[in-house]
Amino acid sequence: MVTGAGGYLGSVLVPKLLAAGHHVTAVDTFYFGRKTLEGSEDHPRLRVVVEDVRGLSPEVVHGIDTAICLAALSNDPAGDIDESWTESINVDATVHFARIAKEAGARAFLFASSCSVYGAGEERSLREDAEVRPLTAYARSKVAAERAVAAESGPGFTTVSLRMGTLFGTSPRMRYDLMVNAMTASAVLHKEVGVDGDGQQRRPLLHVADAADAYVRLVTDAERLPKASAVYNLVSINASVRDVAEEVVAAVPEADLATTAKGLDARDYAADSSAIGRDTGIAPRRKPADGIREVRDSAVAGRLTPEEVESANTVRTLLTQARKPALHGGEPVRRDFLPLAKADIGPEEEAEVLDTLRSGWLTTGPKTARFESMVAEYVGSRHAIATNSCTGALHVALAAVGVTTGDEVITTPVSWPSTSNVIWHLGARPVFVDVEPGTLNIDASLVEKAVTPRTKAIVPVHMAGQACDMEALESIAARHGLAVVEDAAHAIGATYRGSRIGSRGNPTAFSFYPTKNMTTAEGGMLVLDDDALARTARMLTLHGISSDAWKRDSATGSPHWHLHMPGFKYNMTDVQAALGLHQLPKLDGYIDRRQHLSALYTEGLAGIDGLTPLRTARPQDRHARHLFVVALAEGTPESDRDRLLAHLRSEGIGAGVHFRATHLQPFYRETLDQACRDLPVATSLSGRILSLPLFPLMNDRDVDDVLDALRKAWA
């Protein structure tokens, strides 16, 4: 099997292997087209597999005897396009290929490395045991791959890395970005050969046909393979850049030699390839002059044009591939998927959970009580009641304040369904008030118009972690004798006018779902100040009885209890609380990291027209930055937003929608009489918003990846 079979070396090697009588599986993405295998593609012993080596399946490798790994982002400029891309192909995919080949029973793995690993060597001719000094991402990737491949060698599985000199000569997949070929093409097309600096820097050179012959020899004469891992230099000649340029001018007399003042190239090395000749009999025989004549004659006969040279340029093709959306066959921005959110669970949480499991007390108990105390102290409330979810906390809060059948509760249509569902479950009716276009928070200026004699409460949602205008809402509530229950699922750690959300005395519900700013796996917390309400809410979380399990069944408890009201089963367990005990102390650091990432997003989005992040209503408030929501331009069809979501996913970027407004959901659309025209902002934004990945484990490069993916869509 040959990966990179459609490349410069692969398209020369495959026909030679077939001519030697071998069955060949040729693997490539064929970025440069299938014509590179013309003349061989219909051969009965050839199987062509169009597949990216990063996803190479074990089934493709089944039955092979020798694996030849040529696939790579080849040469220094190509490797510098994106170092993560280079590493994923040149290192990760190479190691993956070696491992699955070994598991499939292959006897040998031949890896195409490069003399560029030497970088700059003071010795006249470097042997394989010389120190490597890679100067570029490409060279560093070859060093890393060599070492990883060697680690896979063992009884019955030999690995050989061939450090090849800079290739030259003609190939079905022609390259004009390699030194000898580039100089010759320039001489033919432009009548000039340029040399940077004095041109005395040395280069090991190798004809592409000699490279192919070496692989054929190693495959065909199996007894010549070393018994364990080996590294060999493979070079036909070491020559200075100026010497090669003078040979080109001699072969193309009408061309002039031009010296530029760019300075001396730091890459300067010569390689000794005597070891491979001694051990295997391989001795490259073609010289630069042979390649120069080939390229010259091919260029003249084929009437080579500058456009053809440009189209064969590896860097140009790879850049085109990188810019093309993955949905259209381009290279995705990321191969490792970046999720919308990811919890940061450390060894402290793991140890606390394990301690809980080993304690024998798993349900509501001392760790839950401790966690409640920590949250109450953190937010500045008299009471904190741990629940199994924010939904449960909202439900018991509304029940505790007396919401019941026939009541109305004013809330926002832009929230998770639980905000409205708990109102419905109590027999009340949610009344939606439109949102502010810049924040997605309930528009306080519209709330009073929605108050009726049946209104019992107002439920503001601190959307994405930004506080609503609480003073305005509380003033309306006070005038009409209404309760305020805050849905702070997104907002633990946020502040409003200097005070933490949850500290204003209103019943306030937090969420500790895995995507939230801190997590207890599943879980929530109700905080409030009123003692009587707190007693009622606590009983409602556990069936309406007077004692939880710890009070009934612990060594100091009593088995007696009383049912005071029909309640629910919303209690938090000690297993959940064990996570919270260590998540809460990290919360402020998490928010700081979210603030930093959000600032990077905001800065990067400034250059993308038609995509606007939510604004910060009061800069003096602390935004918890649970979500980073952006909106497409007004008038953008919802289908365009959905295409952008699909584009991001294909580029390896997770994204979400927070939220499609509740009044547009089938159940509420059919049961409530609020029309879309009554809620124009929420209706419009529902089809134009999306949330970008945001979580503390992200690094700055992750944000760059998201922005790059967005720019690809806009391009």
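## Basis of the report

On a 1 Å grid over the protein atoms alone, a pocket is an open set of points with protein on both sides within 12 Å along at least five of seven lines, a cavity is a set of points where a 1.4 Å probe fits but cannot get out, and lining residues have an atom within 4 Å of a point. The model is predicted, so that local features require pLDDT of at least 70 and side-chain atom pairs pLDDT 80 or more, while totals for chains, interfaces and linings use all residues. Residues are numbered from 1 along each chain as its sequence is written, and side-chain values use heavy atoms, with hydrogens and water left out.

## The second largest pocket

The second largest pocket holds about 660 Å³ of space, a volume being the space filled by probe spheres set on grid points that are joined across faces, edges and corners. Its lining comprises 32 residues, and those nearest the centre are Trp416, Tyr513, Thr515, Lys516 and Phe659.

By type, the lining of this pocket has 15 nonpolar, 13 polar and four charged residues. Here Ala, Val, Leu, Ile, Met, Phe, Trp, Tyr, Cys and Pro count as nonpolar, Asp, Glu, Lys and Arg as charged, and the others, Gly among them, as polar.

## Cavities

Three cavities of 30 Å³ or more are present in the structure. The largest has a volume of about 90 Å³; 16 residues line it, with Lys342, Ala343, Asp344, Lys516 and Asn517 closest to its centre.

## Aromatic contacts

Nine aromatic pairs occur in the structure; rings of Phe, Tyr and Trp (its six-membered ring) pair if their centres lie within 6.5 Å, and planes under 30 degrees apart count as stacked, over 60 as edge-to-face and the rest as tilted. Phe97 and Phe109 form an edge-to-face pair, because their ring centres are 5.3 Å apart and their planes stand at 70°. Phe97 is buried (under 20% relative accessible area, with a 1.4 Å probe and protein chains only), at 2%, and Phe109 is buried at 0%.

Phe371 and Phe512 make a tilted pair, with 5.5 Å from centre to centre and 55° between the planes. Both Phe371 and Phe512 are buried, each with a relative accessible area of 0%. One aromatic cluster is formed by Trp424, Phe432, Phe667 and Tyr668.

Definitions and conventions:
Buried < 20%, exposed > 50% of the residue type's maximum accessible area, 1.4 Å probe, protein only.
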